[in-house]
Amino acid sequence: MNNSVKRAHNFNAGPAALPLAVLEKAQAELLDFNDTGMSIMEHSHRGNAYEIVHNRAIELLKELLSIPEGYEVLFLQGGASLQFSMVPMNFLPADKKAGYVMTGVWSEKAYAEAEKLGEVFVAATAKEGNYCQIPALKEINYDADTAYLHITSNNTIYGTQWHAFPNTDGVSLIADMSSDILSCPIDVSKFALIYAGAQKNIGPSGVTVVIIRRDFLEQARKKGPTMLQYATFAKHNSLYNTPPTFGIYMMKLVLEWMKGEGGLPGIYKRNQEKAALIYDIIDASNGFYKGHAQQSARSLMNVTFRLADENLEKKFLEQAKQAGFVGLNGHRLVGGCRASIYNAVPYESCQALRDYMLAFQKENS
Ligand SMILES: Cc1ncc(COP(=O)(O)O)c(C=O)c1O
């Protein structure tokens with residue numbers, strides 16, 4: 001590790017921190033990838049050097065997430081936001097309705113896009129209470145004829161996260177996992193489709209990962225623009241057109257790093273420890289810091305909290321900035337403070353934030 005580089009305590013919500021070891025490896029290989037005399041960015045996506053990287057990234061995703069047989073891993077572009085449209089374009093036929101569980105702004109956006117393309121309904125909502133919780137699984141309403149049920153596994157803005165997923169008895173479950181994919185082990189077999197923009201836990205922005213069950217894929221509408229059909233990507237190993245090669249290369253490095261960190265069990269354990277550092281301070285602060293999420297729905301990825309009033313929050317954020325912390329402002333729609341502590345945010349940054357929060361409370365109460 002290069003100890004001379006001064007790294008910020010980066011709590012950005014996305015694009016977010018990348019592992020230092022990954023950045024160093026990319027730097028070392030930037031001008032000459034594997035003795036080819038070229039950067040990976042300069043290689044053809046049809047060439048052997050890139051194809052090995054591409055296939056290794058797919059393999060590592062399958063391995064780390066224990067993706068069962070019968071699923072495809074696809075690399076798309078357009079961010080998670082394009083998935084809000086692609087999902088209904090492919091899987092919402094005219095004679096069916098799709099159910100959406102509303103747990104925040106991103107679920108609302110997914111719903112709004114689907115509504116433009118077909119019939120949708122709210123299967124459950126946590127809007128009351130300003131999205132501070134996740135609906136109980138038994139409160140989710142849908143019937144056997146529902147085209148699919150859509151959830152947002154981690155709510156980046158409100159700092160809530162699903163800690164158990166519904167058994168949907170034959171109804172296809174689709175999840176936007178943009179802000180918590182690969183943060184803990186999950187049972188992929190519960191899902192017909194998972195999508196995630198890469199820029200929080202997997203790599204730089206520009207790549208969207210889709211994991212899709214093959215028999216579900218076969219049900220997709222065959223009409224529509226080629227680039228908006230999942231089948232196009234599945235048929236061509238995500239090489240129908242030029243993929244975001246550098247982003248996929250970075251993703252491969254991040255996945256290798258995760259493997260070296262003990263895979264998802266290792267990463268999950270550390271994520272729990274990191275989150276506990278900050279939530280414990282909130283809980284022990286006698287109300288000086290007020291967590292937004294209800295305890296049972298707290299996110300291990302985005303810790304959201306408020307202080308007594310906006311002036312104190314402003315002071316907290318300004319002093320934090322001076323002390324070298326980046327990205328602690330809450331989302332513009334909700335205000336307050338948010339620490340995004342994705343996989344690559346070091347434990348030491350969380351410790352530093354805990355120390356800062358303790359000192360700030362002492363000085364201001
Ligand atoms: C849960 C979730 N879904 C979707 C998005 C939108 O992602 P993108 O910017 O890749 O379209 C975000 C971005 O922060 C997000 O957090």
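This is a predicted model: local features need pLDDT of at least 70, side-chain atom pairs count only at pLDDT 80 or more; totals for chains, interfaces and linings use all residues.
**Figure 1. Arg 46 in the loop between helix 1 and helix 2**. Arg 46 belongs to the loop that joins helix 1 and helix 2. An unreviewed UniProt entry annotates Arg 46 as "binding site".

**Figure 2. Positive phi at Asn 34 and Asp 35.** Asn 34 lies in the loop between helix 1 and helix 2, and Asp 35 is also placed in that loop. Phi is near 50° for Asn 34 and near 60° for Asp 35. Most residues other than glycine have a negative phi. Asn 34 counts as exposed because it has 12 C-beta neighbours inside 10 Å. Asp 35, with 7 such neighbours inside 10 Å, counts as exposed too.

**Figure 3. The cis peptide bond between Gly 14 and Pro 15**. Omega for this bond is about -5°. Most peptide bonds are trans. Pro 15 sits in the loop that runs between strand 1 (9-10) and helix 1 (20-29). Gly 14 is among the residues that surround the ligand.

**Figure 4. The shell around the ligand**. The residues of the shell are Gly 14, Gly 79, Ala 80, Ser 81, Trp 106, Thr 152, Thr 156, Asp 176, Ser 178, Ser 179 and Gly 197. By class, 8 of them are polar, 2 nonpolar and 1 charged. Which helix gives the most to the shell? Helix 3 (residues 79-91) does, with 3 residues.

**Figure 5. Ala 80 in helix 3**. Is Ala 80 buried or exposed? Ala 80 counts as buried because 25 C-beta neighbours fall inside 10 Å. Beyond its neighbours within four places in sequence, Ala 80 is in contact with Asp 176, Ser 178, Tyr 195, Ala 196, Gly 197 and Thr 208. Of these contacts, Asp 176, Ser 178 and Gly 197 also belong to the shell around the ligand.

**Figure 6. Trp 106 in helix 4 (residues 105-117)**. Trp 106 is buried, since 21 other C-beta atoms lie within 10 Å and the cut-off for a buried residue is 20 or more. Residues up to four places away in sequence aside, Trp 106 touches Thr 152, Asn 155, Thr 156 and Asp 176. Thr 152, Thr 156 and Asp 176 are also found around the ligand, as is Trp 106.

**Figure 7. Residues listed by UniProt under "binding site"**. The unreviewed entry lists Ala 80, Ser 81, Trp 106, Thr 156, Asp 176, Gln 199, Asn 241 and Thr 242. These positions are spread over 163 residues of sequence and also in space, with up to 30.9 Å between C-alpha atoms.

**Figure 8. Helix 8 (residues 263-283) and its kink**. Helix 8 has 21 residues and reaches 30 Å from its first C-alpha to its last, close to the 30 Å expected at 1.5 Å a residue. A kink of about 25° is centred on Ala 276. The buried residues of helix 8 are Leu 264, Ile 267, Arg 270, Asn 271, Lys 274, Ala 275, Leu 277, Ile 278, Tyr 279 and Ile 281. An α-helix has 3.6 residues a turn, so residues three or four places apart point the same way. The elements that the buried residues of helix 8 pack against include helix 2 (48-64), helix 7 (245-260) and helix 10 (347-364). Strand 11 (290-291), strand 12 (302-306) and strand 14 (337-340) are also among their packing partners.

**Figure 9. Ser 349 and Asn 10**. Ser 349 lies in helix 10 and is buried, because 23 other C-beta atoms are within 10 Å. Although 339 residues apart along the chain, Ser 349 and Asn 10 have C-alpha atoms separated by 7.7 Å. The unreviewed UniProt annotation "domain: Aminotransferase class V" covers residues 10-352. Over those residues the chain is 35% helix and 16% strand, and the end C-alpha atoms are 11 Å apart.

**Figure 10. Phe 165 and Leu 307**. Phe 165 is in the loop between strand 7 (160-161) and strand 8 (173-176). With 15 other C-beta atoms within 10 Å, Phe 165 is partly exposed. The C-alpha atoms of Phe 165 and Leu 307 are separated by 32 Å, and the two residues are 142 residues apart along the chain.

Conventions. Residues are numbered from 1 along each chain as its sequence is written. Helices (H or I, at least four residues) and strands (E, at least two) are DSSP runs, numbered from the N terminus. The expected span of a helix is 1.5 Å times one less than its number of residues. The bend at a residue is the angle between axes fitted to the seven residues ending there and the seven starting there. Two residues are in contact if their C-beta atoms, placed from the backbone, lie within 7 Å. A residue is near a molecule or strand if its C-beta atom, placed from the backbone, lies within 6 Å of it. Ala, Val, Leu, Ile, Met, Phe, Trp, Tyr, Cys and Pro count as nonpolar, Asp, Glu, Lys and Arg as charged, and the others, Gly among them, as polar. UniProt positions are given in the numbering used here, feature names are shortened, and annotations may be inferred rather than shown by experiment.
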